[in-house]
Amino acid sequence: MSYPSTETRLKGLPISPGVAIGPVCRLNENRHTVSMHTAIAPEALEHEAALLRAALRTVGANLAQLARQVTERAGAGEAAIFSALKTMLDDPGLQKRLFDSIVNLRCSAERAVATTFDHYAKRMQSVSNKIVKERVADIRDLKTHLLDALHATSPLFQCEGALHCRRGGERIVVAAEMTASLAVRLDAQHTRGFVTEQGGEASHAAILARSLGVPAVSGIPGIYQKMTCGTMLLINGTTGDVVIHPARETIARELAATPEGRLEFRTSEPVPGLTVMANISRSADVEAALQANAEGVGLYRTEFEFIAAGAVLDEEQQYRRYETVVKRLRGATAYFRLLDVGGDKPLPGVTAPHEANPHLGCRGARFLLAHGELLRTQARALARASQHGPIGLMYPMIADAAQFLLLRTLIETAIADLPHGLLQHGAMFEVPAACLAAREIFASADFGSVGTNDLTQYLFAVDRDNELVAHDYSPDRPVFWALLRSIAQAADAAQRPLSVCGELAGDPRYTRHLLEAGIRIVSVNPRYIAQVRDAARAALSPATAGTPAP
Ligand code: PEP
Ligand code: MG
């Protein structure tokens, strides 16, 4: 069933403000699934064989490069795994079987890869020899490399190639669900707006949409199935309205109320009494922070560098990004959050087991403790960057003082042999248990930062990504503010700086509340810095200082 061909108005959840008008491109939601459908038309089999040849070439080149890089940095022993995978990939018997599968099973290149590697893995698993068994992981690894290379050639949109869907075209993307990695990828294509069936206001995809200034609406059931590519759509991310086939008068009316396009940011002067820093996701965002006259970077979500690159970044690659930010800040502190992976942010290139409840699984600090090498590499890159200016290391999702201390010790050990500048270590207060243990944590932390997005989620047991419970996802409850006040008091008692860096810090309706709770530092999307300063100026002015917050 599709929508009528006359103007139709739907109501969703406002995710990112602004109005966008443009033709719809439906995302290709199947681009990562291996189709079970085997009956490929005979004339299309050569195309599948060509895709397979290209994927084999790409993976072969990647493995050879990895082997070279690792040999240079860590020695031939460490690189042996990549050379072994490359030898396995080049095996004529394996390649013949892959190409034969396409013809014999009349299937896609992806299916041929999946079937062939599953067959080998099963046979090797059944052998009692331990060494043969251990190679099964390599077989799986190679399968993933090949599928990744093949997926990269799958079209991102259902209408790829159609006139309205030229790459770089100004489209409105309709998807079942927006993920953080997709938001990063779509930004590069000048997407005008997003509409999705699922996704909460505090999801990372929503946070990214707001920081990119791209209007977005979520929570419209069935829109992905019912929408046809090329249909004109108006979306209003301020009100949550979506209008299919908008009439000229409707467009004029909506635009009169809200300007079209990306929300730009204004520059503003600092306000004595509230330090306003910037949240960034990529090193290049530091320019937006500077343009908005931010008093430093209060939260750099470093995992987005990895998500945007689609791979684990090595020490040098990380260092170059971090160094850029520190140098541009010219002495103002840059607060880097250590990789906060898990939940709605899987790390590309790191295979993670399926988790039924990822927000309570291997996330944040827990993930870092389970991936010592990633932690060590990031710590070293950051220590090197600190030679150019002061850095604060924010530890994500800390649960208690012992966990904080353990991480701090691991980091200090990892960088002990490196010269470095001022490096401070701080805890994020996002888990209720950590908030209750704030005094203990401040005994070993140099600063603190409250992540209100996750704190709201865990304090009220309400999923930040789920549009169905969005009405319940709110800090407007006295217990939330009492908890915040208690963290601020603990920070004061320990004489440690405390900031708030979750999304509510950028919402001017809460600025006065935050000041009253004892918060003197916030970190927000650069586009919201001016409005937060306006609200702070009003709240701190003698004329209104005594008026109760809304
Ligand atoms: C938070 O939880 O408020 C926070 C700043 O971290 P993130 O939104 O990246 O989880
Ligand atoms: Mg968080």
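At 30% relative accessibility, His245 counts as partly exposed (buried means under 20% relative accessible area, exposed over 50%, partly exposed in between, with a 1.4 Å probe and protein chains only). You'll find His245 in the loop between strand S8 (241-244) and helix H10 (248-257). Its phi is positive, about 50°, although His245 is not a glycine. Most residues other than glycine have a negative phi.

Met397 shows a positive phi too, near 55°, and it is likewise a residue other than glycine. Its place is the loop between strand S12 (391-395) and helix H16 (401-414). With a relative accessible area of 10%, Met397 is buried.

## What you're looking at

This is a predicted model, where local features need pLDDT of at least 70, side-chain atom pairs count only at pLDDT 80 or more, and totals for chains, interfaces and linings use all residues, while side-chain values use heavy atoms, leaving out hydrogens and water. Residues are numbered from 1 along each chain as its sequence is written, with chains lettered from A and ligands numbered from 1 in the order in which they are written.

## The chain as a whole

The chain's secondary structure comes to 22 helices and 16 strands (DSSP runs numbered from the N terminus: helices are H or I with at least four residues, strands E with at least two). Its C-alpha trace spans about 80 × 65 × 40 Å along the principal axes. For 550 residues, a compact globule would have a radius of gyration near 24 Å, and the chain's 25 Å agrees with that (taken over C-alpha atoms; the globule rule is 2.2 Å times the number of residues to the power 0.38).

Of those 550 residues, 52% count as buried. Val24, in strand S3 (residues 19-26), is one of the buried ones, at 0% relative accessible area. From Ile220 to Arg512, 292 residues apart along the chain, the C-alpha separation is 33 Å.

## The magnesium ion

Which residues hold the magnesium ion (ligand 2)? Glu430 (OE) and Asp454 (OD) coordinate it, at 2.0 Å (donors are N, O and S atoms within 2.8 Å of the metal, or 3.2 Å for Na, K and Ca; water is not among the atoms, so sites may look incomplete). Glu430 lies in the loop between strand S13 (423-429) and helix H17 (432-436), and Asp454 in helix H19, so the pair ties together parts that are 24 residues apart in sequence. Both Glu430 and Asp454 are buried.

## Two cavities

A search of the whole structure turns up two cavities of 30 Å³ or more. On a 1 Å grid over the protein atoms alone, a cavity is a set of points where a 1.4 Å probe fits but cannot get out; a pocket is an open set with protein on both sides within 12 Å along at least five of seven lines; lining residues have an atom within 4 Å of a point. Points are joined across faces, edges and corners, and a volume is the space filled by probe spheres set on them.

The largest cavity holds about 100 Å³ of space. Its lining has 14 residues, with Ile15, Met178, Thr196, Ala206 and Ser218 nearest the centre. Strand S5 (193-198), helix H8 (204-212) and strand S6 (216-218) each supply at least two of the lining residues. By class, the count is eight nonpolar, six polar and no charged residues (Ala, Val, Leu, Ile, Met, Phe, Trp, Tyr, Cys and Pro are nonpolar; Asp, Glu, Lys and Arg charged; the others, Gly among them, polar).

The second largest cavity holds about 70 Å³. Among its 15 lining residues, Arg301, Arg337, Met428, Glu430 and Asn453 lie nearest the centre. H19 gives the most to this lining, three residues. The classes here are three nonpolar, five polar and seven charged.

## A pocket between domains

The second largest pocket has a volume of about 760 Å³. Where does the second largest pocket lie? Domain 1 (8-28 + 157-257) and domain 3 (275-544) both give residues to its lining, so it lies between them (the bounds come from an automatic or database domain assignment).

Of its 35 lining residues, Glu201, Arg210, Glu503, Asp507 and Arg509 are nearest the centre. Strand S2 (13-16), helix H19 (452-459), strand S16 (521-524) and helix H22 (529-540) each supply at least two. The lining of this pocket has 14 nonpolar, 12 polar and nine charged residues.
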